[in-house]
Amino acid sequence: MKTQTAATKTPVEHFDAVVVGAGMVGTALAGLLAKAGMQVALVEVKDTPLMLTAFGDHDPLPRVSALTPVSQRLLTHLGAWPAIAATRVTPYRYMQVWDAEGSGNIHFAADEAGTPVLGHIVENDVTLAALHEKVLALPTVSTFFGATVSALQTTDTGRWLVLNDGRQLHAPLLIAADGARSALRKLAGITVSEDAMGQDAVVTTVHCEKSHGATARQAFIAGSPLAFLPLTVKGDDRYCSIVWSTTPQHAEELVAHSREEMGMALEGAFGHRMGKVRVVDSAYRFPLVQRHAAHYVEPNFALVGDAAHSIHPLAGQGVNLGFMDVAVLAEEVIRAWQRGAPWGALSTLHRYERRRRLDNSAMLGLMKGFKVLFGSEAPVLTLARNMGMSGMNQLVPLKRVIMRQATGERGRLPLSCR
Ligand SMILES: Cc1cc2nc3c(=O)[nH]c(=O)nc-3n(C[C@H](O)[C@H](O)[C@H](O)COP(=O)(O)OP(=O)(O)OC[C@H]3O[C@@H](n4cnc5c(N)ncnc54)[C@H](O)[C@@H]3O)c2cc1C
């Protein structure tokens with residue numbers, strides 16, 4: 001791993017690609033490009049990479065993601081999955097969704113979809129630490145931690161950027177993977193449509209009386225999705241990670257609760273399905289805003305992951321969409337680079353945008369639709385969604401289609417995800 005620290009005036013350093021943002025998405029992208037032999041710079045504002053050894057005996061962290069089997073295949077391709085699996089992952093084979101306002105419910109099972117699991121719940125920092133350990137060790141990756149971009153310019157041959165400590169980088173391709181509030185997107189002048197969802201997500205970790213049974217559960221309570229995501233900690237399968245997306249006012253009340261009050265609120269809202277619920281961590285609150293960049297690419301520049309789109313967490317798709325972005329972008333860029341074609345040219349980057357934009361838009365639209373459908377107390381909509389859910393529950397072929405979508409098996413998958 002080569003972490004450069006020299007902060008004196010330095011000559012411009014040239015790379016094949018510069019990735020800004022060493023989160024899960026940016027690090028995965030740097031890994032894919034570097035594995036193909038490209039010289040990649042990875043710039044990250046945080047001071048140091050994460051280490052897997054830090055997770056040994058820790059309680060689970062509150063930020064988790066439901067990773068699809070397709071994302072798992074990408075992480076396997078990058079060599080990160082074995083370390084993730086050896087640290088802490090919880091496979092889930094079943095999913096239950098119900099409407100707390102009525103009788104509608106739907107169950108999904110992995111064997112109905114012909115797949116061993118529907119996905120895995122993984123703490124974000126476990127995924128990130130495994131990626132950091134694998135990707136930053138590649139000889140073709142140079143890391144610039146503790147740095148941000150203070151200036152960005154276009155040259156005849158690509159993008160030139162100045163870091164806050166004066167170092168200068170140049171590459172035919174610059175990729176912004178710096179998250180939902182992307183500073184680079186702003187520097188590039190790309191606008192973004194914002195859809196405040198009128199909800200905040202409250203996350204915490206609980207220990208329940210009943211086993212989670214490898215099941216991801218979600219109840220819609222007057223338009224507020226409450227998820228109990230299964231976590232197994234040192235063989236104990238009664239932990240769950242909580243994501244409750246609710247009104248900002250209710251979220252404020254929830255995070256102000258004592259752990260005991262929060263446990264009672266969760267128990268009641270979930271209809272006591274998990275028995276007694278004991279909260280084992282603080283509760284954290286995140287405002288939910290769906291964002292979509294007006295376009296993903298410009299000459300020598302591309303957006304990926306949350307920098308391009310951020311999505312309501314109710315279907316657990318955010319980082320999975322980001323991983324698909326990087327798999328597709330890397331495929332297009334590496335193909336051009338190997339042929340000696342200009343890999344930062346719009347003709348190359350447009351192929352990435354064409355392959356990803358529709359899928360991301362569809363998922364953002366679907367989350368909006370869910371929110372309208374489940375947020376309404378109008379009797380006709382309540383009846384329709386309850387009949388719809390229960391009716392759909394009888395239709396195994398239709399459920400199979402939904403499960404293929406939810407597990408990421410959509411469209412033509414890039415080679416790194418097959
Ligand atoms: C409550 C909640 C639950 C969620 N659950 C799920 C789920 O179950 N499944 C799922 O797929 N997704 C889920 N998501 C979404 C998921 O967390 C995000 O989609 C994912 O973290 C985005 O990854 P990213 O790498 O694109 O961005 P980020 O994780 O935001 O990473 C950006 C990186 O860039 C760095 N950075 C920022 N600015 C700069 C700068 N100027 N210069 C240099 N570096 C910079 C940051 O430090 C960070 O390391 C959830 C989100 C929320 C809020």
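The questions and answers below take these topics in turn.

Colleague: On what basis are residues numbered and features counted?

Modeller: This is a predicted model, in which local features need pLDDT of at least 70 and side-chain atom pairs count only at pLDDT 80 or more, while totals for chains, interfaces and linings use all residues. Side-chain values use heavy atoms, without hydrogens and water, and residues are numbered from 1 along each chain as its sequence is written.

Colleague: How many residues surround the ligand?

Modeller: The closest are Glu44, Arg63, Ala66, Asp306 and Val319. The shell comprises 14 nonpolar, eleven polar and five charged residues, where Ala, Val, Leu, Ile, Met, Phe, Trp, Tyr, Cys and Pro count as nonpolar, Asp, Glu, Lys and Arg as charged, and the others, Gly among them, as polar. The number of residues surrounding the ligand is 30.

Colleague: How much of the ligand's accessible area does the protein cover?

Modeller: Accessible areas come from the Shrake-Rupley method with a 1.4 Å probe. On its own, the ligand has 1000 Å² of accessible area. The protein covers 84%.

Colleague: Which elements give two or more residues to the shell around the ligand?

Modeller: Elements are DSSP runs numbered from the N terminus, namely helices (H or I, at least four residues) and strands (E, at least two). Those giving two or more residues are helix H1 (24-35), strand E5 (64-67), strand E15 (192-208) and helix H8 (318-339).

Colleague: How many residues apart in sequence are the parts that glutamate 123 and arginine 88 tie together?

Modeller: The two residues form a salt bridge, their closest N and O atoms being 2.7 Å apart; the term denotes a side-chain nitrogen of Lys or Arg within 4 Å of a carboxyl oxygen of Asp or Glu. Glutamate 123 is buried at 1% relative accessibility, and arginine 88 is buried at 10% (buried is under 20% relative accessible area, exposed over 50%, partly exposed in between, with a 1.4 Å probe and protein chains only). Because glutamate 123 lies in strand E9 (residues 119-123) and arginine 88 in the loop between helix H3 (81-87) and strand E6 (90-92), the separation is 35 residues.

Colleague: Which helix holds arginine 355, the partner of glutamate 331?

Modeller: The side chains of glutamate 331 and arginine 355 meet in a salt bridge of 3.0 Å, N to O. The pair links distant parts of the chain, 24 residues apart, with glutamate 331 in helix H8 and arginine 355 in helix H9 (residues 346-375).

Definitions and conventions. Near = heavy atom within 4 Å.
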